[in-house]
Amino acid sequence: MHPSFFERNFSLFSQSFHRFGRVPLFHRPRVLSVYKPSRTISTLRRGSKVAKATTTIRQVLNYQADHGLWFAANQALFNRVAAFYFEVIAAHEKVLDLSNKDALTALEKLTHTTQKNPTPAIPLAEIVEHIPAMFRRAAIHAALGSARSFYSHLSKWRSRREKAIAKGKKWTLRPPVPPRSWNKSATLYAGQWKQRTGSSIVLKVWTGTCWSWIKVRITGRELPADVEVGSPVLVRRGNQWWLHTSVEKQFSSPPKIEQQVTTNAETKICAVDLNLNEHVAVCTIQTVEGTILATKFMGGGREISGFRKKQLGRIARNRGKTGMIAEGEQDNGDLWHKINHVDDALAHLVSARIVQFAQQHEASILVFEHLGNLKPSRGKYSHRGNSKRAFWMKGRIFKYAKYKSYHEGILTSRVNPRHTSRECARCHSLVARYASGQPPEGYTSGTPLVLCHQCGMRGDADRNASLVIGQRLIARSQKPLQGKPPTPLFAERGEKSPGVAVCQDAKHEEGPSLLQARHADRNEHGTAQDRLLGMAERISDIPHQLRLFTE
Ligand SMILES: [Zn+2]
């Protein structure tokens, strides 16, 4: 089980995140069904043309009140059995050298009483009796997962400690601890459920006193067709029980970026410039041979920044009132929750819009620039926190766009961010960057306009940067032999991040001299001003004072 998206992200701010169990900190607003592709992107068999993408379908269960108690009893039992098997594994660590299938057999032999195996070494029946085989197996797999994770952390910790000691360094880091409490969701293997339809399912659960089949109604998004359906998982969120089902879609994997770029001049590339200013994202579509087909501006940056700053200011003031904060405790939980929720909603919206735009224009490659490192900015608490979060959001947008686009057969890449805003997309000389009303000279970070004195190109600075990003990918793919550069030689300040200084790679890349981007005028054909209008309804659970994406 993956931690839910929210919990995973919340761990950025929360110290209460437990490595093994999940401690629900805040409850998600109740919605009927949430569809979120999971973060698993993998390719079947290296070199084959088949790729698979895994998605989790989350559905709400409707049940009688006492059935909720049964689900809880069922989960408690599942965790008891999983904890038991974790102990068994700890006593027989060698089991972990086996594949999951063989480990399962070995663990059953150690614990399960059968006619052929009348006296297992550590009988499960002494702890709990009458566990259905499939329930036991699901618990064994849960225990194996936790054990593998724990022992790999432990061995990493040991080797790091050894290295440190060998170098004569002081080693103070504590070793990882095995799970102290178990809070896993019960996976229902075949045999624990039946008669699944779009609107109901029959589940076999432990009621606390016996095993019972109950019919439960399902609401929300139905399972998509043409997918491989995994075992459903009974998940509790707050007081609500959900059914999570992972589904796997197989499709033929797209050709590699390098191949697409070198073999087809018509390949369309969607390049994205992510910003900390008003235009959160600026996307352009260009072909490999350099024709610019479309541009899209996605706004909302100022609103989100203003909203965040206000909340951070409130947190700072609250902290000022209460004085010391207890160590390891999350203060101002509601406010943090709000900020995180809004950031995440925006990252999802922007990434979805980017992928949609790429799809509309049949782009097969999505390209971003590397983010560089976050360096803390100076100033007030609210300012520092704000720029940090804006920086993180760029990472989230990339991450979400990557898996969303992969589901559509679009590949994602990143290029060296060095000077993408300073270079002219048409002739690759240095540009002047300025605000309207200012003389077009010099370079003022964060200003909206560019002018190239060399070739006369003028226009939007972020759009120019986006085109340069796309061209870098093309140039890199056409020069596949150019290896990765050594460690950066020097760091320099990011030019378009007023709050956050970005340490950029000093990777040298020659300008793509062969690729003369055909710039038209500023009001280019195909340029769309997209303010994410009309999307506000979809994030209606965003706190009231925030009105995003409106002019
Ligand atoms: Zn130029």
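What share of the contacts in the protein with a separation of 6 or more comes from residues 24 or more positions apart? The share is 68%. This is a predicted model. Its secondary structure comes to nine helices and 19 strands. The protein has 551 residues, and 36% of them are buried.

Start with the cores. The largest nonpolar core holds 64 residues. Within this core, the residues with the most contacts are Cys270, Val272, Ala281 and Val367. Helix α7 (residues 333-360) gives the core its largest share, eleven residues.

Beyond its neighbours within four places in sequence, Cys270 is in contact with Cys283 and Ile285, among others. The list of contacts also includes Phe357, Ala358 and His361. Ala363, Ile365 and Leu366 are on the list too.

Now follow the strands here. Strand β9 (residues 268-274) pairs with strand β10 in the antiparallel sense, over seven bridges. In this pairing, Cys270 stands opposite Ile285 of β10. A hairpin through six residues joins β9 to β10. Strand β10 (residues 281-287) is mostly covered, with six of its seven residues buried. β10 also pairs with strand β11 (residues 292-298). That pairing is antiparallel and runs over six bridges. Cys283 has Lys296 of β11 as its bridge partner. The hairpin of β10 and β11 has four residues between the strands. In this hairpin, Gly290 takes a positive phi near 110°.

In general, strands of a sheet pair through backbone hydrogen bonds, either parallel or antiparallel. In a regular strand, the side chains alternate between the two faces of the sheet.

Turn next to α7 itself. The helix has 28 residues. From first C-alpha to last, α7 reaches 40 Å, close to the 40 Å expected at 1.5 Å a residue. Why does Glu362 count as partly exposed? Glu362 counts as partly exposed because it has 13 C-beta neighbours inside 10 Å.

Backbone angles deserve a word here. Most residues other than glycine have a negative phi. Glu362 is not a glycine, yet its phi is positive, at about 55°. Gln195 also has a positive phi in a residue other than glycine, near 50°. Gln195 is in the loop between β4 (193-194) and β5 (200-206). With 10 C-beta neighbours inside 10 Å, Gln195 counts as exposed.

Helix α8 (residues 381-406) contains Lys394. Is Lys394 buried or exposed? Lys394 counts as buried, because it has 24 C-beta neighbours inside 10 Å and a residue is buried at 20 or more. Leaving out residues up to four places away in sequence, Lys394 touches Leu274 and Leu371. Lys394 and Leu274 are 120 residues apart in sequence. In space, their C-alpha atoms are 6.4 Å apart.

Two other helices cross. In general, two packed helices are described by the angle between their axes and the distance between the axes. The axes of helix α3 (residues 100-111) and helix α4 (residues 133-166) come within 10 Å. They cross at roughly 115°, and the crossing is right-handed. From α3, the residues that meet α4 are Asn100, Ala103, Leu104 and Leu107. On the α4 side stand Arg137, Ile140, His141 and Leu144. An α-helix has 3.6 residues a turn, so residues three or four places apart point the same way.

Finish with an open sheet. Three strands form it, in the order β15-β16-β17, with antiparallel pairing. β15 (432-434) and β17 (458-460) are the edge strands, each pairing on one side only. On average, neighbouring strands of this sheet are turned by 25° against each other, direction ignored. Helix α9 packs on the sheet and touches β15, β16 and β17. The direction of α9 makes about 95° with that of β17. β15 and strand β16 (residues 449-451) pair over three bridges. Arg433 stands opposite Val450 in β16.

Helix α9 (residues 461-478) has 18 residues. At 1.5 Å a residue, α9 should span 26 Å, and its end C-alpha atoms are 26 Å apart, so the two agree. α9 is mostly covered, with 15 of its 18 residues buried.

Terms used. Residues numbered from 1 in each chain as written. Predicted model: local features only at pLDDT ≥ 70, side-chain atom pairs only at ≥ 80, totals over all residues. Helix = DSSP H or I, 4+ residues; strand = E, 2+ residues; numbered from the N terminus. Buried ≥ 20, exposed ≤ 12 C-beta atoms within 10 Å, placed from the backbone. Contact = placed C-beta atoms within 7 Å. Expected span 1.5 Å × (residues − 1). Pairing = 2+ DSSP bridges. Axes fitted to C-alpha atoms, helices over the stretch in contact; angles between N-to-C directions. Core = buried A, V, L, I, M, F, W, Y, C linked by C-beta atoms within 7 Å. Left-handed = near helix turned anticlockwise from the far one by under 90°.
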